[in-house]
Amino acid sequence: MQLTPLNAISPIDGRYRNKVEALSGYFSEEALIRYRVLVEIEYFIALCELPLPQLKSFDQNNFGTLRGIYEDFSSEDAEAVKEIEKVTNHDVKAVEYFIKKKFDTLGLEKYKEFIHFGLTSQDINNTSIPLSIKEAVNAVYLPSLIEVVQKLRELSIDWKDIAMLARTHGQPASPTRLGKEIEVFVKRIEEQLKVLEIVPHAAKFGGATGNYNAHKVAYPNTDWRKFGEDFVEDKLGLTHSFPTTQIEHYDHMAALFDAMKRINTILIDLDRDIWTYISMDYFKQKIKKGEVGSSAMPHKVNPIDFENSEGNLGIANAIFEHLSSKLPISRMQRDLTDSTVLRNVGVPFGHTIIGLKATLKGLSKLLLNKEKFELDLDNNWAVVAEAIQTILRREAYPNPYEALKGLTRTNTKINQNSIAEFIDTLDVSEAIKEELKQITPSNYTGI
């Protein structure tokens, strides 16, 4: 059966494929093979540049041709590697044999035993996967997240003067402004982006147990540690982890996933707040002709984008949580659990991108219902009690808090008239009374 959006098991490759297709260039099986080929080719070139004695005669004019093997890597090439893997039953060895065949075709067979020289498969995996993650973060994740942040920033500016009844514990509280409440989320995400951006994309490179054993026994006078560091950092643009076991520690990768999880959690908080504001009629939603909100209730326009986002970000966080807690743990010098788990790295990225796109779509459909904001404020004059009692404190008025508590902590509705009547009973100057009467739920919004 040919894979299609209709028969894919995962909704990432099915229903939502068009939203996450850009990630396939980083996290698909074909992409992983291409990254492995890249590392193997660049490693061979680095050995030539060292140079090892047997590679001094290699014509460096061939470097461009070698790089073309991964730069022009095709689906047919990936299929060829998978055919070799059917025999080797080892994915990285299949890549090595694939490149050796390319060397035969190019007439470079005398040099092909220096492909994968002295390495273990994890030297390839633990450089390929961090490199794919780094590039996916920069090319797909950050642009999608920044687009959401920019939209939020625009809305915070557009709505900066919209007075809004705040709610703490779900109850009416000191008024705020809608733009400021949106700006809170902008700042929270930006702060976590600072954390995310300083997390290194680390890679292990050092042979079967991390000690360059094979390298040193073959060429004992070469500074292999410096070579490995230069290769990982200068050639691949990653941070070299040393010392290690056979595998990368994954501590930095775990930190990256934790940072992405925190950002997702902030977005879930946003999704739930906006969902609630829609249910309170603070926002209407743009209606698209032909869309249906319910199979039974024709009137419904549901906040489905924020619900979709919340659900996908939640799935992403569950997987990020497992990755960040599992990957740094490996029995002694290594076990295989990291390998099978790492094949799922693209899944939380996919759900995260779906969530980001859904949040952005939902934000773009919001229509401000300014009248509802004003009505809620006008129906909750009790919230100015804080302002009145604070000014009375300033004026050394006796027991101001208790006086306002007696007025407002009842089941009787407080309105503009009852507040004004209360002010008239206060033993303060007419100037203070006038100052107090100027305070309204709409203008008591602070800084």
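Predicted model: local features only at pLDDT ≥ 70, side-chain atom pairs only at ≥ 80, totals over all residues.
**Spaces inside the model, and one threonine**

Helices 1 (17-20), 2 (24-27) and 14 (346-364) each give at least two residues to the lining of the second largest pocket. Rolling a probe the size of a water molecule over the atoms shows where empty space is left.

**The second largest pocket**
- The second largest pocket holds about 420 Å³ of space.
- It is lined by 18 residues, and those closest to its centre are I12, D13, R17, S24 and S28.
- Helix 14 makes the largest contribution to this lining, with three residues.

**The cavity**
- Searching the whole structure turns up one cavity of 30 Å³ or more.
- The largest cavity contains about 60 Å³ of space.
- Its lining is made up of P130, I133, V199, P200, H201, A202, H252, M253 and L256.
- Helix 7 and helix 11 (251-279) are the elements that each provide two or more of these lining residues, and helix 11 has the largest share, at three.
- Seven of the cavity-lining residues are nonpolar and two are polar, with no charged residues.

**T120**
- You will find T120 in the loop that runs between helix 6 (91-105) and helix 7 (121-158).
- T120 has a relative accessible area of 13%, so it counts as buried.
- Leaving aside residues up to four places away in sequence, T120 is in contact with K204, G207, A208 and Q246.

Terms used: Residues numbered from 1 in each chain as written. Heavy atoms only, no water. 1 Å grid on protein atoms, 1.4 Å probe; cavity = no way out; pocket = protein on both sides within 12 Å on 5 of 7 lines; lining within 4 Å. Points joined across faces, edges and corners; volume = space filled by probe spheres on them. Helix = DSSP H or I, 4+ residues; strand = E, 2+ residues; numbered from the N terminus. Buried < 20%, exposed > 50% of the residue type's maximum accessible area, 1.4 Å probe, protein only. Contact = heavy atoms within 4.5 Å. Nonpolar A, V, L, I, M, F, W, Y, C, P; charged D, E, K, R; others polar.
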